[in-house]
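Subject: Structure for your files

Hello,

Here is the structure I said I would pass on. My notes on it come after the model.

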Amino acid sequence: FLTTKEKFHEFLDSDGQLPDKVEEKKEEVVKKQPPLHNNDELKGTTVASEEEEPAAKKLKVEEEEKNGEQEKEEDEEEEKKKRKPWKQEGKRQRGQNKSRPHVKPNSYEERPLCDNRKCHYGDKCKYLHDVAEYLASKPADAGPACHLYDTLGTCMYGVTCRFALAHTAADADGTFRSLRDEERIKAQEGRTPVRNVLDKELQIRLRKHLVPFAKSAEYLRSIAADGWKPRQQQRNGKQPAAPSSLESPAAAAAAAAQEPAAVVDSGMENKMVVKTIGPLTDVDVDFNDKLYLAPLTTCGNLPFRRVCKRFGADITCGEMAMCTNLLQAQQSEWALLKRHESEDLFGVQIEGCFPDTMTRCAELINDHIDVDFVDINSGCPIDLVYKKGGGCGLMTRTRKFEQIIRGMNYVLDVPLTVKIRTGVQEKYNVAHKLIPEMKQWGVAMITDAMKARETGVSGLMIARGALIKPWIFTEIKEGRDWDISSSERLDILRNFSNYGLEHWGSDTRGLEKTRTFLLEWLSFLCRYIPVGLLERAPQRINDRPPYYLGRDYLESLMASQHVGDWVKISEMLLGPVPKNFNFLPKHKANAYEK
């Protein structure tokens, strides 16, 4: 099965034909066609010229990296010109494609259909109001069946759905109506597939600073007696005249009337009585002998978690959310807290660096959404987070870390867990020093973002391994190496696509958003090597496989690390990409050993 890079890409470009057959076909085509011709009929064969290949599929990995390096060198030269001579050069950015193209999914339609029945903009509206005109400019349907209609009995997107022919009909007067399957609709009554949706009323109250945080204020007053000051006082050393931006004036006045600022309640003398949940596990939520799908930024979305639940993941957790964005009621940040009905043991992960914002955020979560536990991300190495003192920066600020944990424990009715790293600086581990202290602070469970250092591990948290092969949960529980076929892997991708259409929508905007997250996931899936081709099992996560041909064309296509081949897989499930489609993965996936 081993091959060379040139033969591998030649095999994929020829739609799975062997090299000798490709040469025969090339000779036949050259005889039939004149020297100068339109290669529309020969796209996908080795005869077609590179100039006529689609732009998204033209560049190979080396060319992309070469162009990226050239752009990077140019950017660095410009920065050096602007940089002050005495300022030290920062560390080299790597791991992410910083200059990747950002195309919003709603930009793939030139003039979408206006969804307002009574549009107040009239002729000035930039959206179409004539359904017939919209259908004439709308792209062709991506498939013959609509997953939403087949599952729910109705599709809320109507004629804008990219599978509209499956559930729309034209009346005699030329109007269009959506079909309804009453039996399926009745079966869905009383069901709430997705929970933890941001309520409009709560959003308005948060933005107007009308949500009271009584328990958080109580805890913050207690630690103020030990020398902690709000950030306004830390900056100018003065007491702020106005109440906290996240505490209502009425609540602040009531708190001031009950207790003077300089007097601390005797019951708060010992840094509050924290509800101790236990050293490692909680009595209500049992984490022992469980398989935990780690929070994964970008790829750990709700559709992906549904896929992992089907393969046996016991615990799932939402993507990392910034506590300040949650307190500001940002819709995109609250979307990270959504929970599917299949997630029976679900938690959310938040990031922050100050006791006041983290405690208030924990109280907000405790009062308004349904979770089984809350996780603090103190293992994030991203510079944007670390430089503010959050993420793994908390591991070097133990005083702040303790105040955050004790405060969140005080306002939460569910277990509080912490994700850490073995250390912050290279070759200097501090986790073994922090773990005993965090047990005293009341942490319910501690997960190590790098690897388990102790022999007494009570469970497993799986991150990139689940991105490379989500069936790893089945392999662990059944104690076997699953030699999964390419058709079974394609079915997994099809399930993800259907879940994505449910979650993000089946119109053009939702479909392309689903495609984007599917391509992000494929940038990890391509690293999987079938068990039947391994010389030794199991595959190690950092092994760089040589170029190989799979047991069929689809298996070889799934092994490609070329973006154009990932796009080809997405077209099998979600139809052709738009003309202006462009994609580059967020992560370079450079974790391979060189």
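What follows is a summary of what was found, from the overall fold to single residues.

This is a predicted model, in which local features need pLDDT of at least 70 and side-chain atom pairs count only at pLDDT 80 or more, while totals for chains, interfaces and linings use all residues. Residues are numbered from 1 along each chain as its sequence is written, and side-chain values use heavy atoms, with hydrogens and water left out.

Overall

The protein has 24 helices and 14 strands, taken as DSSP runs numbered from the N terminus (helices: H or I, at least four residues; strands: E, at least two). Of its 594 residues, 45% are buried; buried means under 20% relative accessible area, exposed over 50%, and partly exposed in between (1.4 Å probe, protein chains only). Among contacts (heavy atoms within 4.5 Å) with a separation of 6 or more, 71% are between residues 24 or more positions apart. The accessible surface is about 32,600 Å², and carbon and sulfur atoms hold 50% of that; the areas come from the Shrake-Rupley method with a 1.4 Å probe, and for residues only the protein chains shown count as cover.

Cores and cavities

The largest nonpolar core has 58 residues. Such a core is a set of buried Ala, Val, Leu, Ile, Met, Phe, Trp, Tyr and Cys residues joined through side-chain atoms within 4.5 Å. F304, F473, L493, L518, W521 and L522 have the most contacts inside it, and helix 22 gives the largest share, 8 residues. Leaving aside neighbours within four places in sequence, L522 is in contact with L493, W566 and I569. Another core, of 49 residues, lies apart from that one and includes I223, L336, I369 and A431.

There are 4 cavities of 30 Å³ or more. A cavity is a set of points, on a 1 Å grid over the protein atoms alone, where a 1.4 Å probe fits but cannot get out; lining residues have an atom within 4 Å of a point. Points are joined across faces, edges and corners, and a volume is the space filled by probe spheres set on the points. The largest cavity holds about 90 Å³. Helix 21 (486-504), helix 22 (508-525) and helix 24 (563-574) each give two or more residues to its lining. L493, L522, W566 and I569 are among the lining residues, as is R489. By class, the lining has 10 nonpolar, no polar and 1 charged residues, where Ala, Val, Leu, Ile, Met, Phe, Trp, Tyr, Cys and Pro count as nonpolar, Asp, Glu, Lys and Arg as charged, and the others, Gly among them, as polar.

Loops

D372 sits in the loop between helix 15 (355-368) and strand 9 (373-377). D372 counts as buried because its relative accessibility is 18%. Beyond four places in sequence, D372 touches V285, R339, D344, L345, F346, V414 and P415. The C-alpha atoms of D372 and P415 are 7.3 Å apart.

H562, in the loop between helix 23 (553-558) and helix 24, is buried at 2% relative accessible area.

A cis peptide bond, with omega about 0°, joins A537 and P538; P538 is in the loop between helix 22 and helix 23.

H209 is partly exposed at 35%, whereas D289 is exposed at 72%.

Regards

Note on methods: On a 1 Å grid over the protein atoms alone, a cavity is a set of points where a 1.4 Å probe fits but cannot get out, and a pocket is an open set with protein on both sides within 12 Å along at least five of seven lines; lining residues have an atom within 4 Å of a point.
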